[in-house]
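This briefing summarises the fold, the core, the ligand shell and selected residues of one protein model. The sequence and structure are shown first, and the findings follow by topic.

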Amino acid sequence: MMSRGAVSRTVAGSAAFLVSMLATAPAHAADGAALFSANCAACHQPGGVGSAGLAPPLVSRHIAAAAAKNQLYVPLVILNGLSGQLALDDGTSIASLMPPIGLYLSDEELAALVGYIFALNGAEVALDPKTISDLRPKPHGAKELRAVRESLLP
Ligand code: HEC
């Protein structure tokens with residue numbers, strides 16, 4: 001049987017362990033690449049190259065244009081999901097469905113993910129997590145999002 005002293009030493013040891021873990025965790029722990037592998041790559045494939053019929057490439061003229069002109073398009077798609085026909089760069093199109101996966105991710109995680117997707121397109125963009133939280137109460141239907149997408153390219 002453990003003595004009282006042994007129990008309190010164990011508790012103190014666990015507390016010290018937790019404090020050391022917190023001290024080593026980086027201030028902005030959300031890792032866009034890791035979040036992409038865990039939540040998006042099953043459909044969009046590693047590196048966001050897409051998969052015919054399953055999910056569009058995320059390295060594309062539309063996403064590059066979003067980085068330059070309307071960055072909110074990307075977090076809005078992740079928060080609301082998307083469906084309906086989308087024209088792709090290679091002249092084909094996709095008509096499938098993306099679920100609103102962003103509902104299960106935090107503002108910090110979404111900001112990191114969006115930064116990662118824009119980086120795949122060669123653009124350096126840092127979205128404030130507050131921008132993401134402002135989007136949450138404003139649902140966007142697929143039709144509205146497709147209109148935003150179409151406005152991205154001339
Ligand atoms: C279940 C498969 C699936 C998962 C998981 C998924 N997506 Fe999608 N995504 C799609 C499909 C399908 C579309 C196109 C929907 C359509 O045809 O209208 C799409 C569209 C998009 C678009 C718009 C692309 C464009 O050209 O306008 C973005 C941006 C996007 N997804 C990002 C993500 C991110 C980031 C994640 C992870 C958080 C993710 N998706 C997870 C299937 C998925």
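Helices, such as the one that holds Ala 67, are DSSP runs of H or I with at least four residues, numbered from the N terminus. The model is predicted. Its protein has eight helices and two strands, and buried residues make up 25% of its 154 residues.

**Overall organisation**

- Read from the N terminus, the order of elements is α-α-α-α-α-β-β-α-α-α.
- Among contacts in the protein with a separation of 6 or more, 63% are between residues 24 or more positions apart.

**Nonpolar core**

- The largest nonpolar core has 23 residues, and those that touch the most other members are Val 74, Leu 113, Val 114 and Ile 117.
- At least two residues of this core come from each of α4 (61-69), α5 (73-80) and α6 (107-120).
- Helix α6 provides the largest share of this core, with nine residues.
- Beyond residues up to four places away in sequence, Leu 113 touches Gly 32, Leu 35, Phe 36 and Ile 78.

**Contact of α2 with α6**

- Two packed helices are described by the angle between their axes and the distance between the axes.
- The axes of α2 (residues 32-39) and α6 come within 8 Å, with a crossing angle of roughly 95 degrees.
- Angles of 65 to 115 degrees count as roughly perpendicular, and α2 and α6 are therefore roughly perpendicular to each other.
- On the α2 side the contact involves Gly 32, Ala 33, Leu 35 and Phe 36, which meet Glu 109, Ala 112, Leu 113, Gly 115 and Tyr 116 in α6.
- By class, the residues of this contact are six nonpolar, two polar and one charged.

**Shell around the ligand**

- There are 27 residues around the ligand, of which Cys 40, Cys 43, Ala 55, Ser 96 and Met 98 come nearest.
- Two or more residues of the shell are given by each of α3 (41-44), α5, β1 (82-87), β2 (93-98) and α6.
- Strand β2 gives the largest share of the shell, five residues.
- The shell around the ligand comprises 19 nonpolar, seven polar and one charged residues.

**Buried helix residues**

- Ala 67 lies in helix α4 and is buried, because 22 other C-beta atoms lie within 10 Å and the cut-off for a buried residue is 20 or more.
- Ala 67 and Ala 123 are 56 residues apart in sequence, yet their C-alpha atoms are 6.5 Å apart in space.
- Leaving aside neighbours within four places in sequence, the contacts of Ala 67 are Phe 118, Asn 121, Ala 123 and Val 125.
- Leu 76 is placed in helix α5 and counts as buried, because there are 23 C-beta neighbours inside 10 Å.
- Not counting residues up to four places away in sequence, Leu 76 touches Leu 135, His 140 and Leu 145.

**Partly exposed loop residues**

- Asp 31 has its place in the loop between α1 (4-24) and α2 and counts as partly exposed, because there are 15 C-beta neighbours inside 10 Å.
- The C-alpha atoms of Asp 31 and Ala 111 are separated by 9.8 Å, and these residues are 80 residues apart along the chain.
- Gln 45 is found in the loop between α3 and α4 and is partly exposed, because 15 other C-beta atoms lie within 10 Å.
- Most residues other than glycine have a negative phi.
- The phi of Gln 45, by contrast, is near 75 degrees, a positive value in a residue other than glycine.

**An exposed helix residue**

- Lys 130 is located in helix α7 (residues 129-135) and counts as exposed, because there are 9 C-beta neighbours inside 10 Å and the cut-off for an exposed residue is 12 or fewer.
- Lys 130 and Ala 111 are 19 residues apart along the chain, and their C-alpha atoms are separated by 9.0 Å.

Terms used: Residues numbered from 1 in each chain as written. Predicted model: local features only at pLDDT ≥ 70, side-chain atom pairs only at ≥ 80, totals over all residues. Core = buried A, V, L, I, M, F, W, Y, C linked by C-beta atoms within 7 Å. Contact = placed C-beta atoms within 7 Å. Near = placed C-beta within 6 Å. Nonpolar A, V, L, I, M, F, W, Y, C, P; charged D, E, K, R; others polar. Axes fitted to C-alpha atoms, helices over the stretch in contact; angles between N-to-C directions. Parallel < 35°, antiparallel > 145°, perpendicular 65-115°, else oblique.
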